[in-house]
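Reader: I would like to know how the words used for a structure follow from its values. Please show me one and take me through it.

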Amino acid sequence: MNPISMVLVVLVAFLAGMEGILDEFQFHQPLVACTLIGLVTGHLTECIILGGTLQLMALGWANIGAAVAPDAALASIASAIILVVGGQGKAGVSTAIATAIPLAVAGLFLTMLVRTISVAIVHRMDTAAEEANFRYVEIWQLVAIALQGLRIAIPAAALLVIPPTAVQNFLASMPAWLTEGMSIGGGMVVAVGYAMVINMMATKEVWPFFAIGFAIAAVSDLTLIALGVIGVAFALIYLTLSESGGSGNGGSANTGDPLGDILNDY
């Protein structure tokens, strides 16, 4: 990897780390992060495949209360770098997916470390605010966000320093039972992540759309674009039913089930 690509990879990692907190441009999302890594390194196709697969896992990751979700940014950036440096092409996607899981869990330690440091920064910001020194408040705000970026950029730079031959030899030395097991395990984790999303979204009014989607997906002549159009159409139909549900002349109350409300009106 040439020096310019390495600098761009670290820059993408820095942006992904900051976006894990800012949530403005979504650079921390696996699909976006892996695609950017593939774009700056010339391995766009395999990185998009990796990012799309990891995105299904990350859909079920969310911070709830004091529970912190696995670090999607570190998992995406590090696994993409391992895929690129390993030089295995599309064949290395399964291995990269499997390594993303422990990397995401390991990222929780870095998250806790940065947030612990941020506590001291918040106290300094409070002191500056009491003195009406808002310039210092802004500076410490930028410092805290930069720490979030360094949380991903430093591990990314470390992975780039490791010689490609060392990564290739390590991947090649892995026995077949381990690589196959990691591939199977990675596929199972994707299914579990998607199941978590379904569990959060599951309501009696959306299950019919879910079943219809499975039936339509079995039609081999439909492309992904066609399926996407159908999905958008279903979403618009649902939104229309939501707006008109419970608003008929019958005066029935809106129960939160748009399909049921409309049926009750008749």
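Author: The structure holds three aromatic pairs. It is a predicted model, in which local features need pLDDT of at least 70 and side-chain atom pairs count only at pLDDT 80 or more, while totals for chains, interfaces and linings use all residues. Residues are numbered from 1 along each chain as its sequence is written, and side-chain values use heavy atoms, with hydrogens and water left out.

Reader: Why is the pair of Phe-209 and Tyr-238 called edge-to-face?

Author: Rings of Phe, Tyr and Trp (its six-membered ring) pair if their centres lie within 6.5 Å; planes under 30 degrees apart are stacked, over 60 edge-to-face, and the rest tilted. For Phe-209 and Tyr-238 the centres are 6.2 Å apart and the planes stand at 85°, so the pair is edge-to-face.

Reader: What makes this pair a tie between separate parts?

Author: Helices are DSSP runs (H or I) of at least four residues, numbered from the N terminus. Phe-209 lies in helix 9 (residues 207-217) and Tyr-238 in helix 10 (residues 224-244), so the pair ties together parts 29 residues apart in sequence. Ring pairs also link Phe-209, Phe-234 and Tyr-238 into a cluster.

Reader: How do you know whether Phe-209 is buried or exposed?

Author: Buried means under 20% relative accessible area, exposed means over 50%, and partly exposed is in between (1.4 Å probe, protein chains only). Phe-209 has 19%, so Phe-209 counts as buried. Tyr-238 has 23% and is therefore partly exposed.

Reader: What makes a group of residues a nonpolar core?

Author: The members are buried Ala, Val, Leu, Ile, Met, Phe, Trp, Tyr and Cys residues joined through side-chain atoms within 4.5 Å. The largest such core here has 29 residues, and those with the most contacts inside it are Ile-37, Leu-50, Leu-54, Ile-77 and Ile-81. Several helices, including helix 1 (3-22) and helix 6 (134-161), each supply at least two residues of this core. Helix 4 gives the largest share, 10 residues.

Reader: Which residues does Leu-54 touch?

Author: Contact means heavy atoms within 4.5 Å. Not counting residues up to four places away in sequence, Leu-54 touches Pro-30, Cys-34, Ala-75, Ser-76, Ser-79, Ile-97 and Ala-100.

Reader: At what angle do helix 1 and helix 6 pack?

Author: Axes are lines fitted to C-alpha atoms, for helices over the stretch in contact, and angles run from 0 to 180 degrees between N-to-C directions. Helix 1 and helix 6 pack at about 145°, with their axes 7 Å apart. Among the residues making the contact are Phe-14 of helix 1 and Arg-151 of helix 6.

Reader: How do the residues of this contact divide by kind?

Author: Ala, Val, Leu, Ile, Met, Phe, Trp, Tyr, Cys and Pro count as nonpolar, Asp, Glu, Lys and Arg as charged, and the others, Gly among them, as polar. The contact of helix 1 with helix 6 divides into 16 nonpolar, three polar and one charged.

Reader: What does Phe-27 touch?

Author: Phe-27 lies in the loop between helix 1 and helix 2. Not counting residues up to four places away in sequence, Phe-27 touches Leu-15, Ala-16, Glu-19, Val-32, Ala-33 and Leu-36.
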